[in-house]
Amino acid sequence: MQGQAKADLYVLAETFATGFLAEGSTEQAEEQSNRIFCWMQQQAHLLDAAIAGSVATVDEKGQLRNRLFFVRPDGSYDYYDKRHLFSFAGETDKYVAGERRVVVEWCGVRFLLQVCYDLRFPVFSRNHDDYDAIIYVANWPASRRDVWQTLLKARALENQCYVVGVNCVGNDNVRDYLGDSVIINAYGHTVAACTPGKVETAMASLDLEELNRFRQKFPVLEDADVK
C-alpha cells in the first residue's frame, strides 16, 4: 500500500543528499557527510524509526567510501561499504570498495545491506539462511530500468526473501532516473511500488510467518550451492 502512515524503517536512495559521484575535495566530502549523517540520526530519533541511506563518506584512513548507513532511533548504527563499485562511470577512480558483507536486524527482520551495482552480482548476495530481506539503494538510470526491475525480482526469487529496491528520481544533467522503487516478496510478487518518475513513498508490511512457511514448504535454500 502507499501512503504516509508511520513506518518502522525508512529507506532512502544511494547518495540521496548529493547525487552520484558529486564533485568536491575530500575535506568537503567529510564535512558534508558528517552533516548528512547527523541529519539521519535526528530524523531516526524524531520518527522513532530506523533510517537507511547511502552517503559519500570519508573513512578513518581518509579514503572515500560509498557507505550505506542503517541508523536506529537511539543514534546507534551499522554501515555497509559498497562492494562492487561502478567502474563504467568512474566510481573506482574516487572510491574504495568495501569487503564486509553486512546483515542487520531490526524489528525482528534481518536485512542484508546492498548498494546499486551490487544488484548485478548474485553470488555476493546469496542467502545462507542469514537474512529475510535485501535492501538495495540505487542511482539506477532510466535507460537500464528493465535490468533494475528484472534483477530485483530475480534476487527475491532465488534467495526466497523480500527485496526492497529504492532508486532516485529526476535528472543530474547526465542521465534521467525514474525511480521504480519497489518492494517484492519471495514469490516475486510486487507488494508495493512507487509510480515511475514521481517522488512518492511506498509502504508494506513484511510477513515473516508467511515467508518462513514458504521456505519450509518449498526449501530451495537447502538445495543451494555452497559456493
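## A loop residue to start with

Thr15 sits in the loop between strand 1 and helix 1 (26-47); helices (H or I, at least four residues) and strands (E, at least two) are DSSP runs, numbered from the N terminus. Thr15 is buried, with a relative accessible area of 3%, where buried means under 20% relative accessible area, exposed over 50% and partly exposed in between (1.4 Å probe, protein chains only). Its phi is near 40°, a positive value in a residue other than glycine. Cys107 is not a glycine either, and has a positive phi of about 55°. Cys107 belongs to the loop between strand 5 (103-106) and strand 6.

A quick word on the ground rules: this is a predicted model, in which local features need pLDDT of at least 70 and side-chain atom pairs count only at pLDDT 80 or more, while totals for chains, interfaces and linings use all residues. Residues are numbered from 1 along each chain as its sequence is written, and side-chain values use heavy atoms, with hydrogens and water left out.

## The chain as a whole

Stepping back, the chain has four helices and twelve strands. Its radius of gyration is 17 Å, which agrees with the value near 17 Å of a compact globule with 227 residues; this radius is taken over C-alpha atoms, and the globule rule is 2.2 Å times the number of residues to the power 0.38. Along the principal axes, the C-alpha atoms fill a box of roughly 55 × 40 × 35 Å.

Of the 227 residues, 46% are buried. The chain exposes about 11,700 Å², with carbon and sulfur atoms supplying 50% of it; areas come from the Shrake-Rupley method with a 1.4 Å probe, and for residues only the protein chains shown count as cover.

## The largest core

A nonpolar core is a set of buried Ala, Val, Leu, Ile, Met, Phe, Trp, Tyr and Cys residues joined through side-chain atoms within 4.5 Å. The largest one here has 45 residues, and those with the most contacts inside it are Leu9, Phe70, Phe111, Leu113, Ile135 and Leu152. Strand 7 (residues 133-138) gives this core its largest share, six residues.

Leu113 lies in strand 6 (residues 109-115) and is buried, with a relative accessible area of 0%. Beyond its neighbours within four places in sequence, Leu113 contacts Leu68, Phe70, Tyr80, Val102, Val104 and Ile135. Counted in the same way, Leu152 touches Leu119, Tyr136, Val163, Gly165, Val182 and Ile184. Val11, in strand 1 (residues 9-11), is in contact with Ala52, Ile135, Val137, Val164 and Val166, again leaving aside neighbours within four places. Val11 and Ser54 are 43 residues apart in sequence, with their C-alpha atoms 9.5 Å apart.

Phe37 comes from helix 1 and is buried, with a relative accessible area of 14%. Not counting residues up to four places away in sequence, Phe37 touches Phe69, Val71 and Tyr77. From Phe37 to Asp207 is 170 residues in sequence and 30 Å in space, C-alpha to C-alpha.

Note on methods: Contact means heavy atoms within 4.5 Å.
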